[in-house]
Amino acid sequence: MDRKWSLVSLCQKAGALVSGEYATMEAIKAGKACLVLLAADASNGTKKRFGDKAGYRGIPVIEIGGRQELGRAIGKGNRTSAAVIDQGFAESIRKKMEEIG
């Protein structure tokens with residue numbers, strides 16, 4: 001598991017991540033989400049819905065791997081979306097993704 005997935009996994013273990021479309025959307029609406037992670041293979045409709053909601057609230061969205069990889073990293077089944085609810089973890093994941101490109 002590379003560094004980006006290690007950070008996502010650690011975030012889940014620390015209780016600083018919610019996953020699944022419903023929980024992610026609720027975190028965005030409640031203003032708890034600091035960063036939204038979307039699977040690159042999510043549908044265009046899913047990407048647009050989360051991009052619009054998060055963008056309206058000024059929450060960054062990052063496409064990260066596929067739904068299987070995202071689910072595996074957090075110890076769950078396939079996931080198309082997740083929200084990081086801790087600012088420190090959100091910044092760490094964003095920085096790591098910028099380094100990777």
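Predicted model: local features only at pLDDT ≥ 70, side-chain atom pairs only at ≥ 80, totals over all residues.
Colleague: What about the backbone just after H1?

Modeller: Gly 15 follows there, with a positive phi of about 75°. A glycine also comes just after H2: Gly 31 has a positive phi of about 80°.

Colleague: Since you mention H2, which residues are buried in that helix?

Modeller: Helix H2 covers residues 21-29, and its buried residues are Thr 24, Met 25, Ala 27 and Ile 28. Viewed down the axis of H2, these buried residues fall within an arc of 160°, so they line one face of the helix.

Colleague: What does that face pack against?

Modeller: The buried residues of H2 pack against E1, E2, helix H3 (44-56) and E4.

Colleague: New topic: Ser 19. Where does it lie?

Modeller: Ser 19 lies in strand E1, which spans residues 17-19.

Colleague: Is Ser 19 buried or exposed?

Modeller: Ser 19 is buried, because its relative accessible area is 14%, which is under the 20% limit for that class.

Colleague: Which residues is it in contact with, leaving aside its neighbours within four places in sequence?

Modeller: Ser 19 is in contact with Thr 24, Ile 74, Lys 76, Arg 79, Ser 81 and Ala 82. With one of these, Arg 79, there is a polar contact between the two side chains, at 3.1 Å.

Colleague: Now helix H5. How many residues does it have, and how far does it reach?

Modeller: Helix H5 runs over residues 87-100 and has 14 residues. From its first C-alpha to its last it reaches 20 Å, close to the 20 Å expected at 1.5 Å a residue.

Colleague: Which of its residues are buried?

Modeller: Phe 89, Ala 90, Ile 93, Lys 96 and Met 97 are buried in H5. They cover an arc of only 135° around the axis, which puts them on the same side of the helix.

Colleague: What covers that side?

Modeller: The cover over the buried residues of H5 includes helix H1 (3-13), strand E2 (35-38), strand E3 (61-63) and strand E4 (81-84).

Colleague: And which exposed residues are on the face turned away?

Modeller: That face of H5 carries the exposed residues Lys 95, Glu 98 and Glu 99.

Colleague: What caps the N-terminal end of H5?

Modeller: Asp 86 does: one of its side-chain oxygens lies 3.0 Å from the backbone nitrogen of Gly 88.

Colleague: Let us turn to charges. How many salt bridges are there?

Modeller: The count comes to 6 salt bridges.

Colleague: Which salt bridge does Arg 49 form?

Modeller: The side chain of Arg 49 meets that of Glu 21 in a salt bridge of 2.8 Å, N to O. This pair links distant parts of the chain, with Arg 49 in helix H3 and Glu 21 in helix H2, 28 residues apart. Arg 49 is partly exposed, with a relative accessible area of 38%, and Glu 21 also counts as partly exposed, at 33%.

Colleague: And what is the partner of Arg 67?

Modeller: Arg 67 forms a salt bridge with Asp 41, and the closest N and O atoms are 3.6 Å apart. Arg 67 lies in helix H4 and Asp 41 in the loop between E2 and H3, so the pair ties together parts that are 26 residues apart in sequence. Arg 67 is partly exposed, at 28% relative accessibility, and Asp 41 is partly exposed as well, at 40%.

Technical notes:
Residues numbered from 1 in each chain as written. Heavy atoms only, no water. Helix = DSSP H or I, 4+ residues; strand = E, 2+ residues; numbered from the N terminus. Buried < 20%, exposed > 50% of the residue type's maximum accessible area, 1.4 Å probe, protein only. Polar contact = N/O pair within 3.5 Å; in protein donor to acceptor, adjacent residues only side chain to side chain. Contact = heavy atoms within 4.5 Å. Expected span 1.5 Å × (residues − 1). Arc of directions from axis to C-beta. Salt bridge = Lys/Arg side-chain N within 4 Å of Asp/Glu carboxyl O.
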